[in-house]
Amino acid sequence: MAGTALRTSPDAMMGWISRARDVDPKTAMPNTNLSPQEARDITAYLYART
């Protein structure tokens with residue numbers, strides 16, 4: 001996902017933020033195992049910044 005110019009849905013971003021290695025096993029980003037609320041909060045923050 002990093003460096004991509006494509007926009008992604010909030011649901012996809014939430015999945016990436018909490019379980020990146022489930023999305024792409026070769027990514028350097030670790031699974032954070034955030035709660036659904038924490039992933040929503042981070043996603044909302046990132047979307048507000050764009």
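Author: I17 lies in helix 1 (helices are DSSP runs of H or I of at least four residues, strands are E runs of at least two, both numbered from the N terminus). The model is predicted, with pLDDT of at least 70 required for local features and 80 or more for side-chain atom pairs, while totals for chains, interfaces and linings use all residues. Residues are numbered from 1 along each chain as its sequence is written, and side-chain values use heavy atoms, with hydrogens and water left out.

I17 has a relative accessible area of 9%, so it counts as buried (buried is under 20%, exposed over 50%, partly exposed in between, with a 1.4 Å probe and protein chains only). Buried residues make up 18% of the 50 residues in the chain.

Which residues does I17 touch, beyond its neighbours within four places in sequence? They are M29, T32, L34, I42, T43 and L46 (contact means heavy atoms within 4.5 Å).

T43 is found in helix 2. Its relative accessibility is 3%, so T43 is buried. With neighbours within four places in sequence left aside, T43 is in contact with P10, M13, M14 and I17. Those four belong to the helix 1 side of the contact between the two helices.

That brings us to the helix pair. The chain has 2 helices and 0 strands. Two packed helices are described by the angle between their axes and the distance between the axes. Here the angle between helix 1 and helix 2 is about 120 degrees, and the axes are 9 Å apart. This angle makes helix 1 oblique to helix 2. Axes are lines fitted to C-alpha atoms, for helices over the stretch in contact, and angles run from 0 to 180 degrees between N-to-C directions. Under 35 degrees is roughly parallel, over 145 roughly antiparallel, 65 to 115 roughly perpendicular, and the rest oblique. Helix 1 passes helix 2 in a right-handed crossing (the near helix is turned clockwise from the far one by less than a right angle; anticlockwise is left-handed).

Which residues make the contact? Helix 1 brings P10, M13, M14, I17 and S18. Helix 2 brings P36, A39, R40, I42, T43, L46 and Y47. By type, the residues of this contact divide into 9 nonpolar, 2 polar and 1 charged (nonpolar: Ala, Val, Leu, Ile, Met, Phe, Trp, Tyr, Cys and Pro; charged: Asp, Glu, Lys and Arg; polar: the others, Gly among them).

P36 lies in helix 2. At 56% relative accessibility, P36 is exposed. The C-alpha atoms of Q37 and M14 are 9.6 Å apart, at a sequence separation of 23 residues. Further along helix 2 comes A44. At 46%, A44 is partly exposed. A44 and M13 are 31 residues apart in sequence, yet 9.8 Å apart from C-alpha to C-alpha. Over the chain, consider contacts between residues at least 6 apart in sequence: 33% of them join residues at least 24 apart.

Next, the loop. N33 lies between helix 1 and helix 2 (36-48). Most residues other than glycine have a negative phi. N33 is not a glycine, but its phi is positive, about 55 degrees. At 51% relative accessibility, N33 counts as exposed.

Last, back to helix 1. How many salt bridges does a search of the whole structure find? It finds 1. This salt bridge joins the side chains of D22 and R19, at 2.9 Å from N to O (the criterion is a side-chain nitrogen of Lys or Arg within 4 Å of a carboxyl oxygen of Asp or Glu). D22 and R19 are 3 residues apart in helix 1 (residues 10-23), so about one helical turn separates them. D22 is exposed, at 52% relative accessibility. R19 is partly exposed, at 31%.
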